[in-house]
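Here is a short briefing for a reader new to this structure. Take a first look at the sequence and the model, then read on by topic.

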Amino acid sequence: MRAAAAAAALLALTGCTSFTSVLDGSSPAAASSSAPAPQGFVCPAQRAEPDPHRPVIDYEFRLADDRASVTGTETVTFTPDRPTDRLVFRLVPNGPGSAEAGNRLVVDEIHGDDVDRAGYLPAEAADPGGLYEVRLDGELAAGESTTVALDFTLTLGEGTFDRFGTDDGLAWWGSGAPLLAWEPGLGWDEDPFVPLLGETASSTVADTTISVSVPEDLTVLMTGDQQPPSAAADGRRTWTSTEPVARDVSVVVGEFTTEERTTPDGVRVTVGVLPGGDLPLDRLADWTVQAIADLEARFGAFPYRTLTVPLLPDYGGGIEYPSNIQLAAADQDVLVHEVAHMWFYGMVGDDQFRDPWLDEAFATYAESVDFAPQPGYVQRALRLPGDVGASIDQFADDGDYFGIVYGKGGAALLAARDAAGADAFDQAMRCYIDANAWTIATPSDVAAAFSRLPAAVDVLVDAGALRKTR
């Protein structure tokens with residue numbers, strides 16, 4: 001995610017000159033969540049493959065004719081890697097900021113042969129709660145599977161900078177269905193919501209299919225490899241897609257004009273602009289293809305085989321989802337940041353409550369492939385008080401969070417690259433990416449991948465991103 005309204009708090013890779021206000025702020029110091037680096041890290045010969053036993057999720061969405069609500073069914077086949085007697089889902093629309101804008105997610109009914117009972121948990125979210133817990137009638141052993149289906153209703157609030165909304169015939173939702181909150185090796189992620197403009201979720205990748213029924217005059221741009229829509233029937237069409245490695249899904253529906261490009265590596269890029277949009281269609285396509293090429297040169301092959309980029313009204317930022325970007329600002333730097341998230345969180349995941357810097361600092365750092373920092377910026381950002389590796393609940397407000405996690409975090413990675421040497425740092429970064437692809441990474445994974453570059457590690461330790469281990 002990147003909020004243009006918080007640009008003053010971000011790493012000044014965009015040519016912005018308003019970062020001075022953030023340098024005058026303060027941040028509470030917080031302990032880093034990282035652990036000592038595992039010994040003997042070996043760079044893999046190729047990128048890791050996703051877990052063959054990952055969840056299988058089928059989403060069926062139906063957008064109402066008035067574009068103000070969505071009904072649907074989510075069917076999950078879940079095979080845990082440790083015993084559990086329940087399933088936990090995160091209800092992202094019920095988080096504090098989203099609920100205030102009128103968004104709401106309700107589970108209407110639950111189905112499954114192994115289901116005993118189900119109910120909401122508050123998790124510091126709005127009514128009816130931030131988590132939904134499904135209790136099973138017995139313990140599910142590691143490697144044993146169960147299938148659960150949840151019928152739900154999503155109410156879309158007013159159009160604003162958020163992952164859900166409706167505005168003048170346009171509708172969009174990301175995390176618009178219950179989000180399976182499993183972290184392999186650890187179990188259920190039940191962290192509370194926070195009143196900040198940031199994510200608090202952690203979810204494993206899933207083999208995902210999506211179908212979306214919408215009024216026939218609308219176009220859908222969503223996560224995954226989209227197929228042509230069905231023929232119109234009763235004034236509606238159904239759009240489908242598949243994405244075998246999605247942590248979550250996003251759907252954007254509107255009167256889009258689209259353009260398709262294919263990158264040299266065969267990634268199919270589809271961009272969409274609304275009537276009277278803020279960017280020419282071909283320019284958005286150019287920007288997107290260029291961002292993929294420049295980021296691939298630094299980080300390796302693009303993680304997905306498709307990318308859709310619908311341009312929403314200018315609400316002031318961008319929000320990333322696997323192979324889909326809700327672009328709500330006609331800014332090239334915001335687009336580069338969101339494309340970088342395909343590597344950092346899309347492919348190399350993290351617990352966004354515990355370690356938000358592992359995606360936001362990395363995506364902000366990645367902007368440097370196209371936007372060089374202003375002279376003196378990195379050192380000014382590094383002097384900001386506060387630990388880059390703090391959990392999201394340690395930040396006082398949005399400015400504090402953006403300034404430290406995005407700004408200081410991105411600056412720390414730039415400084416680490418300068419200290420270690422660009423070639424060595426880039427090689428270690430690729431090792432980190434390839435070793436942790438399709439997993440939920442931790443700061444100790446970063447420390448392991450960069451363990452042979454002590455100068456880089458020292459910079460990250462000084463910034464409070466990693467713990468000192470010697």
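**The largest pocket and the model**

The lining of the largest pocket divides by class into 17 nonpolar, 11 polar and 9 charged residues. This is a predicted model. The mean pLDDT of the chain is 92. The points below cover the pocket, the cavities, confidence, the strands and the helices.

**More on the largest pocket**

- The volume of the largest pocket is about 600 Å³.
- Two elements each give two or more residues to the lining of the largest pocket: α2 (96–100) and β22 (317–321).
- The largest share of that lining comes from α2, with 4 residues.
- In total, 37 residues line the largest pocket.
- Those nearest its centre are Met-1, Val-92, Arg-163, Gly-198 and Glu-199.

**Cavities**

- How many cavities of 30 Å³ or more does the structure hold? There are 3.
- The largest cavity has a volume of about 70 Å³.
- Its lining is made up of 13 residues. Ile-57, Thr-204, Ala-206, Ala-246 and Arg-247 lie nearest the centre of the largest cavity.
- Strands β2 (56–63), β11 (179–180) and β14 (206–215) each give two or more residues to the lining of the largest cavity.
- By class, 8 of the lining residues of the largest cavity are nonpolar, 3 are polar and 2 are charged.
- Rolling a probe the size of a water molecule over the atoms shows where empty space is left.

**Confidence along the chain**

- A pLDDT of 70 or more is reached by 92% of the residues.
- Residues 7–38 have a pLDDT below 50. Beyond near neighbours in sequence, this stretch has 97 contacts in the model.

**The open sheet**

- An open sheet is formed by 7 strands. Their order is β5-β8-β3-β2-β14-β17-β16, and the pairing is mixed.
- Which strands lie at the edges? The edge strands are β5 (104–111) and β16 (225–226), and each pairs on one side only.
- Strands of a sheet pair through backbone hydrogen bonds, either parallel or antiparallel.
- β3 (residues 69–78) pairs with β8 (residues 146–155) in the antiparallel sense, over 10 bridges.
- Phe-78 has Thr-146 in β8 as its bridge partner, and Val-76 stands opposite Val-148 in β8.
- β5 and β8 also run antiparallel, joined by 7 bridges. Here Glu-109 has Asp-151 in β8 as its bridge partner.
- Why is β8 described as largely enclosed by the rest of the structure? Because 7 of its 10 residues are buried.

**A hairpin**

- Strand β9 (residues 164–167) and strand β10 (residues 170–174) run antiparallel and are joined by 4 bridges.
- β9 and β10 form a hairpin, with 2 residues between them.
- Asp-167 stands opposite Leu-170 in β10.
- Asp-168, in the turn, has a positive phi of about 50 degrees.

**Helix α5**

- All 10 of the 10 residues of helix α5 (residues 357–366) are buried, so α5 is largely enclosed by the rest of the structure.
- The buried residues of α5 include Trp-357, Phe-362 and Tyr-365. Asp-359 and Glu-360 are also among them.

**Helix α10**

- Which residues of helix α10 (residues 454–462) are buried? They are Ala-456, Val-457, Val-459, Leu-460 and Val-461.
- Gly-464 follows α10. The phi of Gly-464 is positive, near 80 degrees.

**Val-289 in helix α3**

- Val-289 is found in helix α3 (residues 281–299).
- Is Val-289 buried or partly exposed? Its relative accessibility is 21%, so Val-289 counts as partly exposed.
- Leaving aside neighbours within four places in sequence, Val-289 is in contact with Arg-261 and Val-269.
- Val-289 and Thr-262 are 27 residues apart in sequence. In space, they are 8.1 Å apart, C-alpha to C-alpha.

Terms used. Residues numbered from 1 in each chain as written. Predicted model: local features only at pLDDT ≥ 70, side-chain atom pairs only at ≥ 80, totals over all residues. Heavy atoms only, no water. 1 Å grid on protein atoms, 1.4 Å probe; cavity = no way out; pocket = protein on both sides within 12 Å on 5 of 7 lines; lining within 4 Å. Points joined across faces, edges and corners; volume = space filled by probe spheres on them. Nonpolar A, V, L, I, M, F, W, Y, C, P; charged D, E, K, R; others polar. Pairing = 2+ DSSP bridges. Buried < 20%, exposed > 50% of the residue type's maximum accessible area, 1.4 Å probe, protein only. pLDDT = per-residue confidence, 0-100. Contact = heavy atoms within 4.5 Å.
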